[in-house]
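Thanks, everyone; I would like to take a few minutes to walk through one model. Please have the sequence and the coordinates open while I talk.

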Amino acid sequence: MELNDLPCQSGEWMKGSGPESDIVISSRIRLARNIAEFPFIRRCGESDRTAINKSVLDRLKEIEALSDLQIIRVDELDDVDKQLLTERQLISREHAESTGTRSVAIDSGERLSVMINEEDHLRIQVMKSGLDLNAAWTQINEVDDQLESKLTFAFHDKLGYLTACPTNVGTGMRVSVMLHLPALVLTQQIEKVFRSLQKINLAVRGLYGEGSQAMGDFYQISNQITLGRSEEELIDQVADVVPMIIEYERRARDFLIEQDQQDLHDKISRAYGILCTAQTISSEETMHLLSSVRMGVNLGLIHDLRISDVNKLFVDTQPAHLQKLRGDELDTAGRNAERAMYLRRYIQEKEQNGGSENN
Amino acid sequence: MKCLECEKPATFHITELTGPEPQELHLCESCAQQYLMQNPESGVPAKPTLAGMLAQQLKVADTAKELSEIDEKTCPICGITFYEFRNQGRLGCPHDYECFAEELEPLIVNIHGEIEHKGKQPIHHKQSTQTQTRLIQLRNEMNDAIAREAYEEASELRDTIQRIEAGEEE
């Protein structure tokens with residue numbers, strides 16, 4: 001896998017496959033781990049960072065089950081490449097923006113990524129398309145054991161895995177499910193959902209995690225607590241609530257159709273129309289319109305695109321992806337024109353191939 | 001991006017969904033805290049930030065003197081002071097959990113509602129906390145020796161570290 005090939009392939013979470021994939025984009029679990037004999041990143045000098053990076057990478061290479069991992073030195077990448085990895089959710093924004101020696105190891109299917117020298121020495125992440133937390137846990141638990149057979153993690157008898165921030169101590173685990181909830185937004189019920197989630201200690205974030213806004217009606221639901229419960233209990237807490245939110249979203253969609261199908265169909269068709277014909281378009285507007293189109297595909301109102309196409313467009317129209325696909329650096333105006341052209345061409349091609357093949 | 005309320009950089013991006021239209025607010029930490037505290041619209045109390053919780057906790061300390069004593073507490077292994085942790089929200093090394101145990105415990109209870117780990121444990125390499133601390137210390141001494149160009153000492157320290165890591169010496 002080459003970094004330049006990434007924009008051409010569909011990452012795990014863009015596949016639009018897996019259980020409940022009309023509403024659930026992806027299931028993700030990450031584990032924070034630190035190597036016992038080093039200080040946490042905040043107190044690491046460059047020599048410590050280099051030593052951690054080397055030690056983890058050397059050990060990774062010894063693990064046969066992880067032999068297909070591609071290793072990327074994040075600090076040696078240019079800004080566009082760093083952003084490309086962030087847009088694909090293979091590294092965090094913090095990892096992209098920090099300084100000093102740091103890496104990421106990614107498997108060819110883009111399901112597993114291991115960030116080295118992020119906020120903690122290791123941030124292991126497994127991603128699955130659709131709602132599939134158990135599969136994600138099985139895989140990440142195995143990877144954690146494999147790494148632990150080679151590395152000694154900072155572990156406290158009472159507090160569990162020790163992390164740089166006390167908010168992650170214990171299991172070091174963050175379970176998140178990314179949902180597409182356009183009907184709950186349209187019917188203004190989303191806030192009610194948030195409040196009830198907050199009450200049971202679950203966090204809601206936008207598409208790209210902490211601080212990012214809810215672009216394209218995407219919301220990530222994740223556990224807030226990491227200590228005092230087993231990994232399985234933490235997973236169940238999220239896994240139990242997601243089917244309820246899916247049900248609310250489905251009901252909101254039914255309500256929109258019953259209440260005024262023509263109005264909804266009009267909204268979706270107009271969104272599609274703009275995406276097919278615009279000559280210049282911002283990332284924000286694209287996300288907003290694609291969100292309507294995505295719901296339209298789910299409701300059978302748009303036939304020429306599949307969910308996987310819409311998911312791909314969400315990612316391909318982001319700034320770094322556009323520039324990589326074009327093979328050129330572009331300013332904002334240039335990107336807006338390129339984005340519009342990319343959308344027109346993509347949709348045109350799908351329309352010419354006809355909806356029949358897609359169904 | 002600058003904070004809407006003051007000149008500091010905005011680090012909090014809040015999407016307010018209570019009004020008829022979603023409204024985006026970009027605030028610095030202290031203004032965000034203020035905003036979240038005084039926001040009567042949301043039925044649930046806003047999730048306090050780490051900094052907020054720490055500030056709250058330190059108010060409990062009786063006198064200014066006590067407060068500055070806590071702030072000056074320093075980890076002998078990594079050299080971080082409690083003040084630095086309070087400021088940055090990140091600890092310096094695993095030993096901080098021992099060294100600042102008294103101050104951290106109420107904070108951890110506040111965040112997690114629990115104080116004991118119930119999840120998985122390392123299977124292969126479980127070192128005692130003391131061993132882990134010793135390794136960090138030895139590594140610090142080694143870096144120090146290298147900086148002083150005392151290479152013989154450094155290589156002896158490296159050998160000791162390797163022996164401990166291999167489990168030959170406890």
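Let me begin with the second largest cavity, which is lined by B:P94, B:H95, B:T129, B:Q132, B:T133 and B:I136. By cavity I mean a set of points, on a 1 Å grid over the protein atoms alone, where a 1.4 Å probe fits but cannot get out, and lining residues have an atom within 4 Å of a point. This second largest cavity has a volume of about 30 Å³, where volume is the space filled by probe spheres set on the points, with grid points joined across faces, edges and corners. Its lining has two nonpolar, four polar and no charged residues.

Before going on, a word of care: this is a predicted model, in which local features need pLDDT of at least 70 and side-chain atom pairs count only at pLDDT 80 or more, while totals for chains, interfaces and linings use all residues. Residues are numbered from 1 along each chain as its sequence is written, chains are lettered from A and ligands numbered from 1 in the order in which they are written, and side-chain values use heavy atoms, with hydrogens and water left out.

Next, the second largest pocket, a pocket being an open set of points with protein on both sides within 12 Å along at least five of seven lines. About 510 Å³ of space lies in it, and of its 21 lining residues A:E37, A:S55, A:R59, B:R139 and B:E165 lie nearest the centre. Helix 1 (46-62) of chain A, with helix 7 (129-147) and helix 8 (151-165) of chain B, each give two or more residues to this lining; helices here are DSSP runs of H or I of at least four residues, numbered from the N terminus. Helix 8 of chain B has the largest share, six residues.

Finally, the interface: chain B and chain A bury about 4900 Å² between them, 56% of it on carbon and sulfur atoms, buried area being the accessible area (1.4 Å probe) lost on putting two parts together, summed over both. B:Y97, B:H112 and B:K120 supply 16% of the area that chain B buries against chain A, more than any other three residues. There are six salt bridges between the chains, each a side-chain nitrogen of Lys or Arg within 4 Å of a carboxyl oxygen of Asp or Glu. B:K120 also forms a salt bridge with A:D145, whose closest N and O atoms are 2.9 Å apart.

Conventions
Nonpolar A, V, L, I, M, F, W, Y, C, P; charged D, E, K, R; others polar.
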